[in-house]
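Take a first look at the model below.

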Amino acid sequence: MTPMGWSKYFRRRKKDEEAAREIASYIAIETDENIARGMTPQAAHDAAVRKFGNAMRVREEIYWMNTVRPIDNLWQDLRYAARLLLRDKGFALAAIVSLGLGIGANTAIFQLLDAVRLRSLPVAQPERLVEVRFKPGTSRSGSFTGRRPMLTYTLFDEVRRRQQVFSGIFAWNSSPLNTADGGEVRRIEGLWASGEMWSVLGLQPAVGRFYTPDDDRPGCGSPGAVLSYAYWQREFGGAPSVLQQTVRLEGVKFDIIGVAPPDFFGLDVGRRFDVALPLCGERLTSADGTGRAPGRSNWWLAAIGRLAPGRTEEQAADHVAAISPDIMAATLPSGYTAESEKQYRETNLTAMTASSGVSSIRAQFGEPLTVLLGATGLVLLIACANLANLLLARASAREREMAVRLAIGAPRRRLVLQLLVESVLLAVIGTVLGVLIARGLTTILLAQIAAGFGNVFIDLAWNTKMFLFTTAVSALACLLFGLVPALKATALSPASTLRAGGRGLTMSRERFGLRRLLVVTQVALSLVLLLGALLFSRTLYNLLSIDTGFDQQVLVVLLNHESLSGDVDRGRVVRDDIRERLASIPGVENVAQADYVPLEGSIWNEMAMVDTPAGPGEKVLSNLTRVGKGYFETMQVPILRGRDFDTRDSRQAPPVAIVNETFVKKTLGNDDPIGRTIRLEERQGQPAQSWQIVGVSRDAKHTDLREDFEPLIILPVTQNAEAQNWARFVIKPRGDLKSVTPAVVQKVAEVNPSIDIDFDVLSETIASGLVRERLMAALSGAFGVLAGLLAAVGLYGVMSYTVARRSNEIGIRLAMGARSVDVLKMVITEAGWMVGLGVVIGVALGLGAASAARTLLFGLQPTDPATLFSASALLATIGFIASYLPARRASKLDPMKTLRQE
Amino acid sequence: MPRRSQPGSGDMLQGALDMLILRSLVIGPAHGHTIAHTIEHGSDHVLQVEHGSLYPALHRLEDRGLVASFWGTSENNRKAKYYRLTPAGKKMLAAETSRWEQLAGAISRLLKPATD
């Protein structure tokens, strides 16, 4: 329609009025003339009206010229639909709420999935970014730190110098940095990034400037820091004077030189950096003053390059693979065994797309969210089936209305459209509700995820993609639940429907079959969701009920300060002093030093072997830790054989170790371990280490809750010859775990107020490793319950309808002498068929779905028979209850009344 | 609902009515009643104007910018909607008249020999 036409459309009412006035004026003039011809006023008027003819038709004709017919129809339909929904509030409420829940759940999960998995980095041409890394599946040894330890600095430097496919390449590491000045630690998100980052990503500073590759040279003095926009707003109130200020990180002051643009959150999706610093500054914050850059086995960096114009990702991958041998030869780590060295030389680099950044959250939650999106899709399908069922029920109630309208000439298309408009209205209201529900749900989900990851930052702003997704989902839902009932409702033969005395008998058999089919579908899909809910709940239960083999209700305290290092023996004295002071806190039951605490995240492992009479035994990858006096009591790990460490085990005495049962099993089998010698795999440039086994402790989990027990070698801290600038203690308080923290801070400050203190409740740390499982169990449980309820409603509706429809027949049966229990049985059997068929189909579908989610399960198979049985039984029970009520109503029918109604 | 005949069917007649309306406005602005009267009298009551067609036709002509309308007072002091020719309407009338004359001439030439 032309713009001119639209203005006509909006003036159509005025035009209609004008036409009415014009016609009235004609009648008046004609009446005047008739009177002049000698007629009585009444006769004159009547003659004028007759002469003009059908005035309403003329007005209508002019009205149609001015309007857009489909819009006019739509408006009429909308008002009609709204009136109908208002009249039937129960139906409207059920429809809108179930749609809202379905659409809301879908939107929320998709929003999270989009944020962590699909969205591109907010930088210029993100699709041209690729990550340079080792081929997945290859391994190296050394020290791995940071969230994405892919490369060493030397390696990155070689790649940067030799590559010819990128217009620029930079390396980065994200890790938390302490901003507190002694005392309890306060962490912010640090981003160590080489000077090229800003130009490679094509970013412009919001304030000040960025540092450049020239600023980022090894051995740089005090380099400048760039704040994130959010941190600038949060900590400095967005003041431009920030450029004259400094930020304290790990006890070092850095000048603030600029602020990053608002939408740049870093490269790790799910987190947001606070302060970015050049790589050369990293050494200033390290304990030894050299940092991680020089070490050739310090894996701490990830590299991202921008493809040069005309280059493709494949070309980049080929190119870095081709220059790999030279780079490997130039960056060979020291201290590798001959075998490791050979392996290292043979490893190739590759390039992979990095358009959407990298993410540890994505790795953990990408798959669960995809599974959940599937689940929410099923929930919506069930909701749609339910709604279709309700609409079909309404359709049969409106058969007569439709038949009459068809009989007096309404085109069927128009009726279908009108019914669809009703569905669209429901869908639109449902979607609005869904979006509100989604908002609440994503907030809850994020809080859940944050419990496992700490500072999670996920941008949940609505974007076009979200809008399109939600619109598409609700449109699809609307078609699913609305179209078939609308087509069915209008596929009538008016004559026979009207003849059937308002109780459409002729066409309903087929439509009723459809309703049964919908119930079977609902039951089947609900079974899939219930099965999922049970599998994920049992996974969580299995994980929660694992016996870790130690007391998790302990407080872990990490101390960090140079006063702890330096001279080994002096550090020993400081540690002992701190331990005594901590032990003196009222409410502390036990306290012990432990360099590595099980399931707390940091790991030290080596290849170890045990001497046997036949020579050195097999090499076994073993975890190591050093513990102090009272460790075994504090952690409640019993020593099964031999002895605990004691004052005998000084630095001058022969080195000793306690090993766990699994270590003994893997190295010696059934031989007696006490008195045997453990040796580590020899490395270049390191003195050979060996310990004599003096005791065996009970097995306990160490690195991963999900793994079997691993070999563990426990050494006494008293024999540690290496200086460390950190110390870790485990504290077992009598009461609440957190209650002793102020006292701990105070006691440590008595020794030295500039020691950094970090607290961890071990049980919470372990629980936070189960966030994924908790999330899956909670959400799939909620979806399962919802699905079960919807299926029950669907079944109840259909059975009530059957009973109402068959009340004559049932009345006759009862009159003929059927007992009410027979009727009860008859109705329930009918429902039983639907539920049974649904369960059989559901089991087949569920097995397929569960095996797709196999990796998310723990301690049970996707085909677990007990779970399958429970889900089926649960659904059968729901089905029984839902059909029992209508069945009871049927059995209580009064034959006299029913038959008289006829 | 009533359905109006689609444009295309009865084009000739509709075109003729449009032309007659425009012609009746040459002598000056007039309201619907006068227009109908003028056409009927001018044709010695050979042509009867259906009001069901006249008013929609006026509306259509106004839409196309061939006539313009204003509210005025009639001879016997009644409010009435007056129509007048626009320049575009004049041009259209001229074109239509010559087209009609050609057509009428052609038809009468064809009919003549038969009556001879």
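What follows is a short tour of a predicted model.

**Overall form of chain A**

Chain A holds 27 helices and 25 strands. Its C-alpha trace spans about 135 × 75 × 60 Å along the principal axes. The radius of gyration is 38 Å, whereas a compact globule of 902 residues would have one near 29 Å. Buried residues make up 41% of the 902 residues in chain A.

**An enclosed strand**

How many of the five residues of strand 20 (residues 656-660) of chain A are buried? Five of the five are, so strand 20 of chain A is largely enclosed by the rest of the structure. The burial covers both faces. A:Val656, A:Ile658 and A:Asn660 point one way, A:Ala657 and A:Val659 point the other way, and all are buried.

Strand 20 of chain A pairs with strand 22 of chain A and with strand 23 of chain A. A:Ile658 takes part in both pairings: its bridge partner in strand 22 of chain A is A:Gly695, and in strand 23 of chain A it stands opposite A:Ile714.

**A second set of pairings**

Strand 25 of chain A also has two pairings, one with strand 4 of chain A and one with strand 14 of chain A.

| Strand | Partner strand | Sense | Bridges |
|---|---|---|---|
| Strand 20 (residues 656-660) of chain A | Strand 22 (residues 690-697) of chain A | parallel | five bridges |
| Strand 20 of chain A | Strand 23 (residues 712-716) of chain A | antiparallel | two bridges |
| Strand 4 (residues 183-184) of chain A | Strand 25 (residues 756-761) of chain A | parallel | two bridges |
| Strand 14 (residues 555-560) of chain A | Strand 25 of chain A | antiparallel | six bridges |

**Where chain B meets chain A**

Between the chains, 16 residues of chain B are in contact with 19 residues of chain A. Which elements of chain B give two or more residues to the side that touches chain A? They are helix 2 (32-42), helix 3 (51-63) and strand 3 (79-85) of chain B. Helix 3 of chain B gives the most, with six residues. By type, the residues on this side of chain B divide into four nonpolar, seven polar and five charged.

Methods:
Residues numbered from 1 in each chain as written. Chains lettered and ligands numbered in written order. Predicted model: local features only at pLDDT ≥ 70, side-chain atom pairs only at ≥ 80, totals over all residues. Pairing = 2+ DSSP bridges. Helix = DSSP H or I, 4+ residues; strand = E, 2+ residues; numbered from the N terminus. Contact = placed C-beta atoms within 7 Å. Nonpolar A, V, L, I, M, F, W, Y, C, P; charged D, E, K, R; others polar. Rg over C-alpha atoms; globule rule 2.2 N^0.38 Å. Buried ≥ 20, exposed ≤ 12 C-beta atoms within 10 Å, placed from the backbone.
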